[in-house]
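Here is a short briefing on one protein chain. Read it with the sequence and the 3D view side by side.

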Amino acid sequence: MTGTVSKLAAPRPAAAPLRPASLRTAALAFAPSPRRVTVSVAGRARSPIIAMASAKEGNGAPTKKTALHDLYELQGLSPWYDNLCRPVTDLLPLIASGVRGVTSNPTIFQKAISSSSAYDDQFKQLISGGKDAESAYWELVIKDIQDACKLFEPIYNETDGADGYVSVEVSPRLANDTQGTVEAAKWLHKVVNRPNVYIKIPATAECVPSIQEVIANGISVNVTLIFSIARYEAVIDAYLDGLEASGLSDLSRVTSVASFFVSRVDSLIDKMLEKIGTPEALALRGKAAVAQAKLANQLYQKKFSGPRWEALAKKGAKKQRLLWASTGVKNPAYPDTLYVDSLIGPDTVNTMPDQALQAFIDHGTVSRTVDANVSEAEGVYSALEKLGIDWDAVGKQLELEGVDSFKKSFDSLLVSLQEKGNSLKTASV
């Protein structure tokens with residue numbers, strides 16, 4: 001059985017990443033008495049975060065706010081962290097700084113497992129117990145997801161199941177397998193066995209029906225790898241169809257986010273514009289991704305209103321929030337907070353890699369922007385079409401590249417785990 005997590009290639013560093021060692025040091029501050037936690041940003045120390053921790057829950061309740069707290073409290077956007085590795089307690093200072101959820105993907109786990117010795121003891125036990133490499137991989141991943149879910153459970157409870165989720169993706173090998181994805185999602189949901197886990201399913205044409213069936217089975221879903229408005233609308237319909245087909249009288253515990261990818265859109269379309277080379281084309285560089293995302297938000301507003309939605313809301317259904325993914329800036333010419341600052345608004349999530357997260361804490365602007373200048377976004381979208389940019393073709397290409405990237409990460413890690421497992425068996429002979 002297979003499953004995976006979601007996030008694309010790491011963006012170009014715009015700020016020095018949070019170092020595991022400094023995170024572990026910071027995590028020690030989470031004791032029952034107030035402690036100061038200093039989060040390093042862009043190579044310099046930010047003013048300490050004052051954190052009060054619960055000895056029972058081991059989860060800090062900060063008393064000094066950061067820009068991440070303001071995002072949620074003032075604008076209704078939930079900041080999530082797009083990374084996961086051991087020790088999972090490294091998440092504690094991030095939770096204290098305002099992070100409200102975590103996303104993961106096969107590439108993230110490949111980097112975590114292949115570059116750290118923190119997984120070695122459990123892996124040795126699994127191999128000596130007769131597990132094969134892929135089964136061992138899932139055991140490693142499931143433990144991380146369960147441990148992270150525990151850390152975010154207080155947020156999940158405080159928000160009555162609206163926030164505090166940890167996402168784990170089905171195997172990327174199943175991206176074109178409708179029923180295999182359904183079975184994998186059911187299996188992952190069962191074995192993780194945490195109320196605040198999101199099962200990630202890619203928004204491929206083959207997996208859109210899977211999303212509907214998994215939702216109908218009462219399983220909460222993070223739909224990933226959405227690159228076009230047309231596919232996003234299909235994802236919304238799958239969520240609504242699934243809720244209606246569930247037969248549940250109380251829909252409040254079946255939730256979903258739709259992960260709409262941003263920076264990769266600019267990366268591809270910018271190349272196309274440079275190839276066209278006209279002044280008009282070059283002037284549109286760096287504008288496509290935000291424009292399309294703002295139009296996606298307009299679609300969200302339309303689809304989650306009216307009689308159909310109101311009937312579901314009466315049964316406790318929650319809106320499928322838009323989650324902005326791939327929000328690390330890849331072009332150094334662009335502001336390092338571009339894909340956070342430009343898409344702030346209520347009922348949204350932004351999952352950020354290290355660099356984007358630190359940059360926003362340091363100098364991000366907390367202001368509602370997601371529904372500002374919509375007519376300008378429409379103009380950019382249309383202007384790109386007139387230049388010959390086919391939005392659906394862009395979406396399909398990025399989807400293929402995303403799935404392929406995750407498959408390569410997944411396969412590469414399984415090969416290295418198999419080799420490590422074989423060497424362990426040889427050494428024990």
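Strand β10 (residues 221–226) is largely enclosed by the rest of the structure, because six of its six residues are buried. The model is a predicted one. The protein chain has 17 helices and 13 strands. Of its 429 residues, 56% count as buried. Among contacts in the protein chain with a separation of 6 or more, 75% are between residues 24 or more positions apart.

**Strand β10 and its partners**

- Strand β9 (residues 197–202) and β10 run parallel and are joined by four bridges.
- Within this pairing, Pro-202 stands opposite Thr-224 of β10.
- Between β9 and β10 the chain passes through helix α8 (residues 208–216), and this β-α-β crossover is right-handed.
- β10 is also joined by four bridges to strand β11 (residues 256–261), and these two strands run parallel.
- Ile-226 has Phe-260 in β11 as its bridge partner.
- A right-handed β-α-β unit is made by β10, helix α9 (residues 229–245) and β11.

- Is strand β6 (residues 77–82) enclosed or open, and why? Six of its six residues are buried, so β6 is largely enclosed by the rest of the structure.
- In a regular strand, side chains alternate between the two faces of the sheet.
- Both faces of β6 are covered. On one side, Leu-77, Pro-79 and Tyr-81 are buried.
- Five bridges link β6 to strand β13 (residues 348–352), and the two run parallel.
- In β13, Asn-350 is the bridge partner of Pro-79.
- β6 also runs parallel to strand β7 (residues 102–103), to which two bridges join it.
- Asp-82 has Thr-103 in β7 as its bridge partner.

**Packing of α12 against α16**

- Helix α12 (residues 288–303) packs on helix α16 (residues 374–386) at an angle of about 120°, and their axes are 8 Å apart.
- That angle makes α12 oblique to α16.
- The crossing of α12 past α16 is left-handed.
- Which residues make the contact between α12 and α16? From α12 come Ala-288, Ala-291, Gln-292, Lys-294, Leu-295 and Gln-298. From α16 come Val-374, Ala-377, Glu-378, Val-380, Tyr-381 and Leu-384.

**Val-141 in helix α6**

- Val-141 is found in helix α6 (residues 133–158).
- Val-141 has 0% relative accessibility, so it counts as buried.
- Which residues does Val-141 contact, leaving aside its neighbours within four places in sequence? Val-141 is in contact with Phe-109 and Val-168.
- Val-141 and Leu-84 are 57 residues apart in sequence, and their C-alpha atoms are 9.7 Å apart in space.

Notes. Residues are numbered from 1 along each chain as its sequence is written. This is a predicted model: local features need pLDDT of at least 70, side-chain atom pairs count only at pLDDT 80 or more; totals for chains, interfaces and linings use all residues. Side-chain values use heavy atoms; hydrogens and water are left out. Buried means under 20% relative accessible area, exposed over 50%, partly exposed in between (1.4 Å probe, protein chains only). Two strands pair if DSSP finds at least two bridges between them. A crossover is right-handed if, with the strands pointing away from the viewer, the path from the first strand over the helix to the second runs clockwise. Axes are lines fitted to C-alpha atoms, for helices over the stretch in contact, and angles run from 0 to 180 degrees between N-to-C directions. Angles under 35 degrees count as roughly parallel, over 145 as roughly antiparallel, 65 to 115 as roughly perpendicular and the rest as oblique. A crossing is left-handed if the near helix is turned anticlockwise from the far one by less than a right angle, and right-handed if clockwise. Contact means heavy atoms within 4.5 Å.
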